[in-house]
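Colleague: Could you take me through this model, beginning with the nonpolar packing and then turning to the ligand?

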Amino acid sequence: MKTMIDVKHLSKTYGNKGNHAKVLDNLSFQVEEGEFVGIMGPSGAGKTTLLNILATINLPTIGRVRIDGQDITHMKENQLNSFRRNELGFIFQEFNLLDTLTNRDNIVLPLAVNRVPVKEINRRIEKVSAILNVETSLDKYPDEVSVGQRQRIAAARALVSKPSVIFADEPTGSLDSKSATELLHYLTEINIQEDTTIVMVTHDPYTASFCNRILFIKDGIIFSEVVKRGTRQEFFDKVIDMQAAIGGGGKLNGL
Ligand SMILES: Nc1ncnc2c1ncn2[C@@H]1O[C@H](COP(=O)(O)OP(=O)(O)OP(=O)(O)O)[C@@H](O)[C@H]1O
Ligand SMILES: [Mg+2]
C-alpha cells in the first residue's frame with residue numbers, strides 16, 4: 001500500500017508570544033491511498049485547522065505534511081497552485097459555487113483553468129454527473145436547484161479533475177438526511193471506484209460511519225482512533241461510544 005498523506009510532528013499555534021493558543025500539538029499520522037478517513041472531536045478541537053493545513057489552505061507552525069510524496073508545507077505559491085489543481089479536491093459546507101455560472105460551468109471551471117481539451121471535459125462531466133446523479137441540474141444555475149443537488153454539484157466539481165485526495169469539511173452539515181445519505185453513498189462509490197483518498201471532518205456519527213477509520217482529536221492531539229471492522233452499524237456504535245468517552249461530542253455540546 002502507498003502512503004498518500006504523511007503528517008509528522010505537526011503543531012499549530014495562533015496568536016503571538018504574549019497571547020497564543022496551541023491548537024494542534026505534535027500530531028503524527030498517515031493516510032494510505034484509497035482510505036476514507038474521518039476526523040471527529042469536540043467543537044474547537046482543531047479539526048478544521050488540521051484539515052485546512054492538510055488541504056494547503058493553512059500552514060503549520062511546526063512540522064510537515066507530505067501528500068503523494070511531496071512536501072506541501074515547503075512549496076512555493078506557484079507550485080502549490082498547480083499541485084492543488086492537479087491533485088486535490090475540496091468540498092466545503094458552504095459549497096462555494098459561483099451563482100453567475102450554470103452548474104455545468106461551475107463543474108468545468110477547474111478543467112478550463114487547466115486547459116483540458118473540450119472533448120475530454122465533456123467525457124469527464126458525463127461520468128461524474130452520472131455518478132453523482134446531477135445530469136438534470138447541469139444547465140440550471142446553483143440557486144435553481146435544491147441544497148442537496150448543490151452539494152452534489154460541489155462534489156462533482158471536486159471530482160472532475162480526478163484528484164488524488166478529496167478534503168471535505170462537514171459536507172453533509174447543511175443537508176437533510178436523505179440528501180446527506182445520497183452524498184455519502186456517492187463519496188463511497190468514488191472512494192471505491194476511483195481509489196480516491198478522502199479525508200472528511202464531521203460531527204455526525206452517521207456521516208462518520210461511512211469512513212474506514214476515524215481519528216478523534218481532542219485538545220490538539222489525536223485522542224484515539226477507531227477502525228471499521230464488521231458492519232457500518234457496529235462502526236457507528238463504536239463511534240458513539242468514543243464520542244461519549246471524549247465528552248463534548250459535537251456542536252450541540254458547545255452551545
Ligand atoms: N485564524 C485563527 N486565529 C486564531 N484562532 C483561531 C483561528 N482559527 C481557529 N482558531 C482557534 O483554534 C481553535 C480550533 O479551531 P477549529 O476551527 O480548528 O476547530 P474545529 O474543531 O473545527 O471546531 P468546530 O467543530 O466548531 O468547527 C479554536 O479555539 C479557534 O477559536
Ligand atoms: Mg470546524
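Modeller: The largest nonpolar core holds 44 residues, and I214 and F216 have the most contacts inside it. Such a core is a set of buried Ala, Val, Leu, Ile, Met, Phe, Trp, Tyr and Cys residues joined through side-chain atoms within 4.5 Å, where buried means under 20% relative accessible area (1.4 Å probe, protein chains only). This is a predicted model, in which local features need pLDDT of at least 70 and side-chain atom pairs count only at pLDDT 80 or more, while totals for chains, interfaces and linings use all residues. Residues are numbered from 1 along each chain as its sequence is written, and side-chain values use heavy atoms, with hydrogens and water left out.

Colleague: Which helix gives the largest share of this core?

Modeller: Helix α5 (residues 147–160) does, with 7 residues; helices are DSSP runs of H or I, at least four residues, numbered from the N terminus.

Colleague: And what does F216 touch?

Modeller: Not counting residues up to four places away in sequence, its partners include M40, I221, F223, V239, M242 and I246, with contact meaning heavy atoms within 4.5 Å.

Colleague: Now the ligand: which residues come nearest to ligand 1?

Modeller: S43, G44, K47, T48 and T49 do, out of 12 residues around ligand 1, each having a heavy atom within 4 Å of the molecule.

Colleague: How far is the side chain of T49 from an oxygen atom of ligand 1?

Modeller: An N or O atom of that side chain lies 2.6 Å from the ligand oxygen. For T48, the corresponding distance is 2.9 Å.

Note on methods: Chains are lettered from A and ligands numbered from 1 in the order in which they are written. Buried means under 20% relative accessible area, exposed over 50%, partly exposed in between (1.4 Å probe, protein chains only). Helices (H or I, at least four residues) and strands (E, at least two) are DSSP runs, numbered from the N terminus. A polar contact is a pair of N or O atoms within 3.5 Å; within protein, one must be able to donate a hydrogen and the other to accept it, and residues adjacent in sequence count only if both atoms are side-chain atoms.
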